[in-house]
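Let's take a walk through this structure together, beginning with a single residue and then stepping back to see how the parts of the chain meet.

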Amino acid sequence: MTRPGLPKLIATDLDGTLVRSDDTVSAYTHGVLDRVRAAGIPVVGATGRGPRLTELTRNDIRAADFLVMAGGGWVVDQSDPTGPVVLREERLAGEVLARLLAELEAEVGPLTVMVEASDEHDAPLWGDYHASWPYPDRFEARTRAECLSGDVIKAFARTGDHHVDELLAVARRIVPPQVATLTQAGLGFIEICPPGVDKATGLTVVAQTLGVDPADVLVFGDMPNDLPMFEWAGWSRVAVANAHPAVRAAADEVTLRNDDDGVAVYLDRLLSR
């Protein structure tokens with residue numbers, strides 16, 4: 001049982017929110033999340049990272065009972081004593097992605113495209129490498145045809161002629177939501193996910209599993225891919241101080257920056273009230 005006055009479920013984004021700029025999570029943050037679980041509140045890591053980065057994700061949020069990954073398309077229950085159980089696994093058909101990219105390139109010009117196709121541990125992204133991509137060690141050059149020969153977990157696209165928010169606006173104008181979900185997570189690329197996939201629908205799977213109402217959920221985030229869960233959760237929506245302006249505008253509250261352990265400071269105060 002949760003204590004009176006506390007949310008019944010807490011979900012936090014990782015990169016830019018819980019994880020600091022040096023790619024670490026402080027011992028203080030891990031300790032506060034352990035206290036959250038000890039108070040009877042399940043913890044969820046809600047991230048754009050795909051299942052190939054599950055082990056990294058588990059290390060960054062060790063207290064998580066559930067992982068909502070791939071922007072909501074991959075949901076894992078880690079609380080089962082027999083081992084992790086995948087509750088949701090969504091993919092986008094390669095031929096659908098091919099048509100979508102062709103329509104987008106007709107509007108904005110050539111795109112740099114990478115796809116996430118494999119769920120194996122540390123599997124690389126495939127496609128066109130771009131120097132702005134921050135993870136060159138997890139990349140494998142492949143032709144567009146090779147990348148789109150099967151279903152993908154999600155795709156990343158960018159053009160040098162458009163700011164990522166501008167490209168996202170154009171893509172959303174061209175691509176209907178029933179074809180694909182489009183967002184961006186602060187990496188300079190738009191992200192193309194299967195239709196109906198976002199962090200809110202991923203968290204819905206968790207909430208239904210636990211019997212928790214969205215009105216009792218507290219969420220933390222920093223980028224536009226967090227906005228669906230901000231719209232969905234009702235207990236409070238908290239942005240870190242370094243968040244994208246759209247996320248700050250949608251937040252009920254703003255905590256400290258990720259580099260100042262903003263999520264942990266907020267939760268520490270919440271548990272100490």
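Leaving aside residues up to four places away in sequence, K199 touches D13, A46, T47, G48, V68, G71, G72, N225, D226 and M229. Keep in mind as you look around that this is a predicted model. K199 belongs to helix α6, which spans residues 199-210. Is K199 buried or exposed? Its relative accessibility is 1%, so K199 counts as buried, the cut-off being under 20%.

The side chain of D226 is in polar contact with the side chain of K199, at 2.6 Å. From A46, the backbone oxygen sits 3.0 Å from a polar atom of the K199 side chain.

Now zoom out to the whole chain. Domain 1 takes in 9-89 + 197-272, while domain 2 covers 92-193. Their C-alpha centres are 24 Å apart. Where the two meet, 13 residues of domain 1 contact 19 residues of domain 2. Together the domains bury about 1,400 Å², with 53% of that area on carbon and sulfur atoms.

On the domain 1 side, the residues touching domain 2 comprise seven nonpolar, four polar and two charged.

How values were computed: Residues are numbered from 1 along each chain as its sequence is written. This is a predicted model: local features need pLDDT of at least 70, side-chain atom pairs count only at pLDDT 80 or more; totals for chains, interfaces and linings use all residues. Side-chain values use heavy atoms; hydrogens and water are left out. Domain bounds come from an automatic or database domain assignment. Contact means heavy atoms within 4.5 Å. Buried area is the accessible area (1.4 Å probe) that two parts lose on being put together, summed over both. Ala, Val, Leu, Ile, Met, Phe, Trp, Tyr, Cys and Pro count as nonpolar, Asp, Glu, Lys and Arg as charged, and the others, Gly among them, as polar. Helices (H or I, at least four residues) and strands (E, at least two) are DSSP runs, numbered from the N terminus. Buried means under 20% relative accessible area, exposed over 50%, partly exposed in between (1.4 Å probe, protein chains only). A polar contact is a pair of N or O atoms within 3.5 Å; within protein, one must be able to donate a hydrogen and the other to accept it, and residues adjacent in sequence count only if both atoms are side-chain atoms.
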